[in-house]
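Visitor: Can you walk me through this one? I'd like to start with the strands, then go on to the helices.

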Amino acid sequence: MSTGNYLFTSESVSEGHPDKVCDRISDGVVDAFLAADPQARVACETLTTTNRIVLAGEVRGPEPLVDSNGHIDAARIEEIARTAVKEIGYEQDGFHWRDADVSVYLHAQSSDIAQGVDAAGNKDEGAGDQGLMFGYACRETDVLMPAPIQYSHEILKSMADARHSGADSGLGPDSKSQVTLRYVNGKPVGATSVVVSTQHDEALSQDDVREIVRPHVLKVLPDGWMCPEDEFYVNPTGRFVIGGPDGDAGLTGRKIIVDTYGGAAPHGGGAFSGKDPTKVDRSAAYATRYVAKNVVAAELAERCTIQVAYAIGVSKPLSVYVETYGTGKVDDEKIAEAVQKAMDLSPRGIREHLGLNKPIYARTAAYGHFGRTPDADGGFSWEKTDLVDAIHNAL
């Protein structure tokens with residue numbers, strides 16, 4: 001992002017968005033396998049449409065989830081899917097946790113992939129695929145995230161919390177937000193427009209929904225940042241009763257910019273949800289966010305992007321790139337050297353340092369993988385700032 005004067009927009013989508021329903025189901029499968037075996041392998045894709053859920057992919061795990069012949073416990077996977085949909089809140093004619101048809105097409109992981117990833121002899125655990133991943137942090141918010149995406153997430157999370165508590169019972173699970181901020185000299189100073197589209201009960205008018213949504217926006221935006229009234233758009237089409245997978249098909253991994261930095265920073269080639277932490281699409285994206293956040297927290301830069309790249313079956317990263325956009329207190333090359341001394345960026349090193357072989361992923365499926373509060377059980381461990389001293393010492 002520029003250091004001049006400009007407008008910048010990011011969007012978020014709620015847990016009830018069709019694609020996010022799929023992410024939640026896929027990550028529920030990941031959690032189930034990791035709870036049974038921390039070394040389990042999962043690559044689970046989900047599709048949803050009107051009263052139908054389809055899961056496909058490859059797994060390696062313990063009995064009873066996978067028997068000795070590689071057969072999957074389809075009934076258990078179906079239960080995971082239905083539970084996820086129920087927790088999101090879908091009990092509608094066109095998409096109901098109890099009534100939807102669930103098809104499970106998971107199968108055993110390819111032995112060719114497994115031998116490239118597994119440690120053997122003197123060979124360390126390799127990356128689960130080739131690819132490049134980015135992490136980013138900046139000082140726009142207290143969680144070191146870009147402001148437009150962070151506020152977009154928080155608006156929808158506030159609405160979801162009210163819906164689950166019954167305080168805003170007229171809202172449905174499917175919603176989207178979009179926040180445009182004005183930047184002056186590269187710093188956000190206020191909102192120029194806010195868009196919120198939310199599924200609602202048929203009895204509510206557009207004006208009714210607007211006034212339900214308004215306090216959530218006001219609560220999230222800093223004082224004095226609310227956009228002009230004619231730039232506050234709530235359900236611009238006028239009606240949003242049919243939503244979720246009944247209104248639009250969903251797929252795992254289609255909201256990767258929502259999952260990361262809202263377009264304020266680069267994104268690698270892969271999605272996160274449905275993948276166990278041997279897949280560097282996920283684990284290395286978490287690691288680069290962790291490192292970038294700690295670089296900024298260490299006051300070495302105001303903004304920091306980090307890129308890493310891997311080859312399938314190879315443990316060491318092929319490259320580590322750091323960009324601080326002219327805000328760095330030391331050379332970017334020195335920061336790149338220091339972070340590699342402070343943290344082992346091999347797939348095994350990332351998993352062990354961040355404690356990723358745990359059932360901590362379903363909670364990441366909505367409202368962003370970054371900018372969250374670390375949990376006592378190891379969830380969102382990549383949001384900690386406990387690498388600051390190690391980076392300083394390496395420098």
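**Strands, helices and a few residues**

Guide: Let's start with one pair. Valine 196 has valine 234, in E10, as its bridge partner. This is a predicted model, where local features need pLDDT of at least 70, side-chain atom pairs count only at pLDDT 80 or more, and totals for chains, interfaces and linings use all residues. Residues are numbered from 1 along each chain as its sequence is written, and side-chain values use heavy atoms, without hydrogens and water.

Visitor: How many bridges join E9 to E10, and do they run parallel or antiparallel?

Guide: There are 3 bridges between strand E9 (residues 187-200) and E10, and the two run parallel. Strands here are DSSP runs of E with at least two residues, helices are runs of H or I with at least four, and both are numbered from the N terminus. Two strands pair if DSSP finds at least two bridges between them.

Visitor: What is the strand order in that sheet?

Guide: The order is E1-E8-E9-E10, an open sheet of 4 strands with mixed pairing. Strand E1 (6-13) and strand E10 (232-234) each have a single partner strand, so they stand at the edges, with one side of each left without a neighbour in the sheet. On average, neighbouring strands of this sheet are turned by 15° against each other, direction ignored.

Visitor: Which strands does H5 touch?

Guide: H5 packs on the sheet and touches strand E8 (171-184), E9 and E10. The direction of H5 makes about 125° with that of E10. Contact means heavy atoms within 4.5 Å. Axes are lines fitted to C-alpha atoms, for helices over the stretch in contact, and angles run from 0 to 180 degrees between N-to-C directions.

Visitor: And how do H4 and H5 cross?

Guide: The axes of helix H4 (residues 147-165) and helix H5 (residues 206-220) come within 9 Å and cross at roughly 135°. That makes H4 oblique to H5. For the cut-offs, under 35 degrees is roughly parallel, over 145 roughly antiparallel, 65 to 115 roughly perpendicular, and the rest oblique.

Visitor: Which residues of H4 and H5 make the contact?

Guide: From H4, Tyr151, Glu154, Ile155, Ser158, Met159 and Ala162. From H5, Val213, His216, Val217, Lys219 and Val220.

Visitor: New topic. How do H7 and H9 cross?

Guide: Helix H7 (residues 280-297) and helix H9 (residues 347-354) cross at roughly 60°, with axes that come within 10 Å. On the H7 side, the contact is made by Val280, Ser283, Ala284, Tyr286, Ala287 and Tyr290. On the H9 side, Pro347, Ile350, His353 and Leu354 take part.

Visitor: What about lysine 275, buried or exposed?

Guide: Lysine 275 is buried, with a relative accessible area of 14%. Buried means under 20%, exposed over 50% and partly exposed in between, with a 1.4 Å probe and protein chains only. Lysine 275 lies in the loop between helix H6 (256-259) and H7. Leaving aside neighbours within four places in sequence, lysine 275 is in contact with Val30, Val42, Gly270, Asp281 and Arg282.

Visitor: And where is glutamate 337?

Guide: Glutamate 337 lies in helix H8 (residues 332-342). Glutamate 337 counts as partly exposed, at 41% relative accessibility. Alanine 394 is 57 residues from glutamate 337 in sequence, and 8.1 Å away in space, C-alpha to C-alpha.

Visitor: Last one. Which residues of E13 are on the covered face?

Guide: Val320 and Val322 form the covered face of strand E13 (residues 319-323). Ser319, Tyr321 and Glu323 form the uncovered one. Strand E12 (residues 303-310) and E13 pair in the antiparallel sense over 5 bridges. The bridge partner of threonine 305 in E13 is glutamate 323.
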